[in-house]
Amino acid sequence: MADICFVLNYEDVHVVAYALKKLVAAGLAQTEKIGKEVFYSPTSAGEEAVYKYREVREQCLIANLDAQMNQDLGEVARMLRTMSGLYDQAARAASSL
């Protein structure tokens with residue numbers, strides 16, 4: 001759960017725990033306890049749901065992009081990821097001051 005919060009940059013562990021509990025109850029995720037650690041992974045139904053979501057997202061977002069007008073789309077995406085990382089870093093630094 002800590003890894004999920006870290007990757008998503010989300011500090012409210014209770015919300016993540018609740019969401020994971022709901023995903024497990026819905027049969028979309030499964031748990032495995034090793035020692036004191038609990039590991040979460042998707043079930044086959046969970047992977048299928050993610051795949052369906054990906055298809056819908058592509059229909060709604062990617063299909064609307066005009067490849068002729070957006071030849072530099074990869075470069076723009078790289079710059080946005082860099083800016084997002086810099087923003088997160090600045091926010092962490094500001095909160096420690």
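Helices here are DSSP runs of H or I with at least four residues, numbered from the N terminus. By that rule, L73 lies in helix α4, which covers residues 73-95. The model is a predicted one.

The overall layout comes next. The protein chain contains four helices and two strands, and along the sequence these elements follow the pattern α-α-β-β-α-α. The C-alpha atoms occupy a box of roughly 50 × 45 × 20 Å along the principal axes. The radius of gyration of the protein chain is 18 Å, whereas a compact globule of 97 residues would have one near 13 Å. Of the contacts in the protein chain with a separation of 6 or more, 5% are between residues 24 or more positions apart. Buried residues account for 6% of the 97 residues. The protein chain exposes about 8600 Å², and 60% of this area is supplied by carbon and sulfur atoms.

Helix α2 spans residues 13-25 and includes V15. This helix has 13 residues and reaches 18 Å from its first C-alpha to its last, close to the 18 Å expected at 1.5 Å a residue. V15 has 38% relative accessibility and therefore counts as partly exposed, because that class lies between the 20% limit for buried and the 50% limit for exposed residues. The C-alpha atom of V15 is separated by 9.8 Å from that of C5, ten residues apart from V15 along the chain. After α2 comes G27, with a positive phi near 80°.

T43 sits in the loop between β2 (37-42) and α3 (44-60). Leaving aside neighbours within four places in sequence, T43 is in contact with G27, L28, A29 and Q30. The relative accessibility of T43 is 15%, so T43 counts as buried; the cut-off for that class is under 20%.

L61, I62, L65, L73, V76, M79, L80 and M83 together make a nonpolar surface patch of about 700 Å². Because its relative accessibility is 36%, L73 counts as partly exposed. That value also meets a condition for patch residues, since they must have over 30% relative accessible area.

Conventions: Residues are numbered from 1 along each chain as its sequence is written. This is a predicted model: local features need pLDDT of at least 70, side-chain atom pairs count only at pLDDT 80 or more; totals for chains, interfaces and linings use all residues. Side-chain values use heavy atoms; hydrogens and water are left out. Patches are made of residues with over 30% relative accessible area and no salt bridge: like charges are joined within 9 Å, nonpolar side chains (Val, Leu, Ile, Met, Phe, Trp, Tyr) within 5 Å. Accessible areas come from the Shrake-Rupley method with a 1.4 Å probe; for residues, only the protein chains shown count as cover. A salt bridge is a side-chain nitrogen of Lys or Arg within 4 Å of a carboxyl oxygen of Asp or Glu. Buried means under 20% relative accessible area, exposed over 50%, partly exposed in between (1.4 Å probe, protein chains only). The expected span of a helix is 1.5 Å times one less than its number of residues. Contact means heavy atoms within 4.5 Å. The radius of gyration is taken over C-alpha atoms; the globule rule is 2.2 Å times the number of residues to the power 0.38.
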